[in-house]
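Please read them alongside the structure.

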Amino acid sequence: MTITITAFEKSPDGGKGLARDTRVRWALEEVGQPYEVRLVSFRAMKEAAHLALHPFGQIPTYEEGDLALFETGSIVLHIAERYAGLLPDDANARARAITWMFAALSTMEPPILELGSAKLLEGDKAWNKERLPLVEDRVRSRLKQLSASLRDADWLDGAFSAGDLMMVSVLLRLKSSGLLEEFPNLAAYVARGEARPAYKRAFDAQLAVNTGKPRAG
Ligand SMILES: N[C@@H](CCC(=O)N[C@@H](CS)C(=O)NCC(=O)O)C(=O)O
């Protein structure tokens, strides 16, 4: 059955891989499933056809036969449950990997997104100089806890899983902030994720859309 996802026709990040279709592409590459991409403009995302797939008018979406999904947490979990390669067989280890997916999305991502908004959308406000260090500290305190949990392991809980895929995807947003470098084990963890061949294929595919260059190979 053909899998089709949606992605930005032109990503605001110019192809740095921060648009969330990258994590879905990465999951599909990890499990070896081919997929098609329907590119959507900002205007089309708010029109009825796309809103029927995504009530909040965003990307990515995921279609497979009769199934249509939105929210990357749900999409990546679906891929991980349907295809082998992203979740361990052992039931408890599987539950822990899913827990890390939730941790990435509901504990780590919110303060990281808040930092992005504070820099990009509120940089010109008089109060931003006072607020920004507070927002940075909230991110730092989560990174410190995550760093203590990871210690010197390669991945969060044994073998690479959908939990790591989601966590690395979320942490990648901090790359230009300098915060990751304060926690060398986390910087190395993110680099390990980026070095995975499946991530590279996903990254290159979204970059090709944004630079107009066809995918190599
Ligand atoms: N929680 C959603 C967030 C989706 C999201 O924020 N998508 C962004 C692109 S990465 C988007 O479509 N932004 C355009 C908009 O909100 O109008 C998920 O994980 O799928």
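1. Tyr-199 and Phe-203 both belong to helix α9 (residues 197–211), where they are 4 residues apart, about one turn of the helix; helices here are DSSP runs of H or I with at least four residues, and strands are runs of E with at least two, numbered from the N terminus. Tyr-199 counts as buried at 5% relative accessibility, whereas Phe-203, at 22%, is partly exposed (buried means under 20% relative accessible area, exposed over 50%, partly exposed in between, with a 1.4 Å probe and protein chains only).

2. This is a predicted model, in which local features need pLDDT of at least 70 and side-chain atom pairs count only at pLDDT 80 or more, while totals for chains, interfaces and linings use all residues. Residues are numbered from 1 along each chain as its sequence is written, and side-chain values use heavy atoms, with hydrogens and water left out.

3. On the aromatic side, rings of Phe, Tyr and Trp (its six-membered ring) pair if their centres lie within 6.5 Å, with planes under 30 degrees apart counted as stacked, over 60 as edge-to-face and the rest as tilted; the count by this rule comes to 7 aromatic pairs. One of them joins Phe-56 and Phe-70, whose ring centres are 6.1 Å apart and whose planes stand at 75 degrees, so the pair is edge-to-face. Because Phe-56 lies in the loop between α3 (48–51) and β3 while Phe-70 lies in strand β4, this pair ties together parts that are 14 residues apart in sequence. Phe-56 is exposed, with a relative accessible area of 54%, and Phe-70 is partly exposed, at 28%.

4. The rings of Tyr-199 and Phe-203 also have their centres 6.1 Å apart, but their planes are at 35 degrees, so that pair is tilted. Two arginines deserve attention here: Arg-196 has its charged end over the ring of Phe-160, 3.6 Å from the centre, and Arg-192 lies over the face of Trp-155, 5.8 Å from the ring centre (a charge sits over a ring if NZ of Lys or CZ of Arg is within 6 Å of the ring centre and within 35 degrees of the ring normal).

5. Strand β3 (residues 61–64) directs Thr-61 and Glu-63 one way and Tyr-62 and Glu-64 the other way, and all are buried. Strand β1 (residues 3–8) pairs with β3 in the antiparallel sense over 3 bridges, and 4 bridges join β3 to strand β4 (residues 67–70), again antiparallel; two strands pair if DSSP finds at least two bridges between them. Glu-63 is the bridge partner of Thr-4 and, towards β4, of Ala-68, while Glu-64 stands opposite Leu-67. The β3–β4 hairpin has 2 residues between its strands, and Gly-65 in the turn has a positive phi of about 60 degrees.

6. Buried residues of α6 include Leu-132, Val-139 and Leu-146, and what covers its buried residues includes α5 (91–120), α7 (162–171) and α8 (184–195), where contact means heavy atoms within 4.5 Å. Just after α6, Arg-151 takes a positive phi of about 50 degrees.
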